[in-house]
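This report covers helix packing and pockets. Start with the structure below.

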Amino acid sequence: MTSEQLLIGANVSMSGKGMFPGAVAEAVGYHATTLQFYTGAPQNTRRKPTSEMRIPEGLAAMQAARLSHLVIHAPYIVNLGNTIKPENFAFAVEFVQQEVARADALHAYTMPFHPGAHVGAGAPAALAQITQGLNEILTADQHVTIALETMAGKGTEVGRTFEELATIIDGVQCNEKVMVTMDTCHMSDAGYPVAHDFDGVLNTFDHVIGLDKLAVVHVNDSLNPQGAHKDRHANLGFGTLGFDCLNAIVHHPQLTAIPKILETPYVGSDKKAMKPPYGVEIDWLTTGRFDPAALTALGAPRQ
């Protein structure tokens, strides 16, 4: 990768017979330079053994295509913040430990992780238990970092403010193994002025957490206005942030070395034949030319 190459990719699929090489092939088809995938469905904890993931072939395919910074997203079904059901905590910790091992086997760079929800017990209780869980999960000899994600604050989610994430990070013993994922949609929905003052948001993040803790940026437009606490992603330029805002973030000089990952919705009116928008959106970001017709030609984006 040259210093001028834009680190841009999308969430792709690692499933079926293709596994890791199939995920790389999908990313290459979008002209991506990085990629993200789940090791299994994010809504459950069923996972194939790493021996079936075709890891050597996937790594070779990444090298051949000059892809870097593999991002493995942790499933969002586990909730380290739930103190109401303490009987679930040990399983959540064990599963994330196994996910870290899978990510290390895949030579992943970082792992975005939804911190959790307090389910009625209050944010302080959840933050304390998430910190406890991470202290049981993280080890000095693991390679992948866990990147706590900025959340929209829907329901009882924690991680909706930089201060909440900082509270967790400050309590983690293996501090060098915990990082942050910025999600543009989530931050706007949480109340940060992403659309109008991203430099200010970045400055606040730097003062509260530190830019050295930023591992990855999820690039998503939002269907909802700032502060809505909804978490509904929109395609680039089809939401309240707008293409110009997101394009500037992707090309921000302070974020050059940070991989940017698209998680925008598939498009189309037929739910059984939805199409990924990522090739079109990556082209927009690479060239700086926003062409809404190129996306609507694939199918109607969600409004």
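## Helix packing

The cover over the buried residues of α4 includes α3 (89-105), β5 (145-149) and α5 (162-171). Buried means under 20% relative accessible area with a 1.4 Å probe, protein chains only. Helices (H or I, at least four residues) and strands (E, at least two) are DSSP runs, numbered from the N terminus. This is a predicted model: local features need pLDDT of at least 70, side-chain atom pairs count only at pLDDT 80 or more, and totals for chains, interfaces and linings use all residues. Residues are numbered from 1 along each chain as its sequence is written, and side-chain values use heavy atoms, with hydrogens and water left out.

Helix α4 (residues 123-137) has 15 residues. Its first and last C-alpha lie 21 Å apart, close to the 21 Å expected at 1.5 Å a residue; the expected span is 1.5 Å times one less than the number of residues. Buried residues of α4 include A123, L127, I130, L134 and I137.

In α5, F162, E164, L165, A166, I168 and I169 are buried. They pack (contact: heavy atoms within 4.5 Å) against α4, β5, β6 (178-183), α6 (184-190) and α7 (198-208).

## Pockets

A pocket is an open set of points on a 1 Å grid over the protein atoms alone, where a 1.4 Å probe fits, with protein on both sides within 12 Å along at least five of seven lines; lining residues have an atom within 4 Å of a point. Volume is the space filled by probe spheres set on the points.

The largest pocket has a volume of about 610 Å³. Its lining has 22 residues, with N11, Y38, Y76, H233 and E263 nearest the centre.

The second largest pocket holds about 220 Å³. Its lining has 15 residues; M14, S15, Y38, G40 and A41 lie nearest its centre.

Terms used: Buried < 20%, exposed > 50% of the residue type's maximum accessible area, 1.4 Å probe, protein only.
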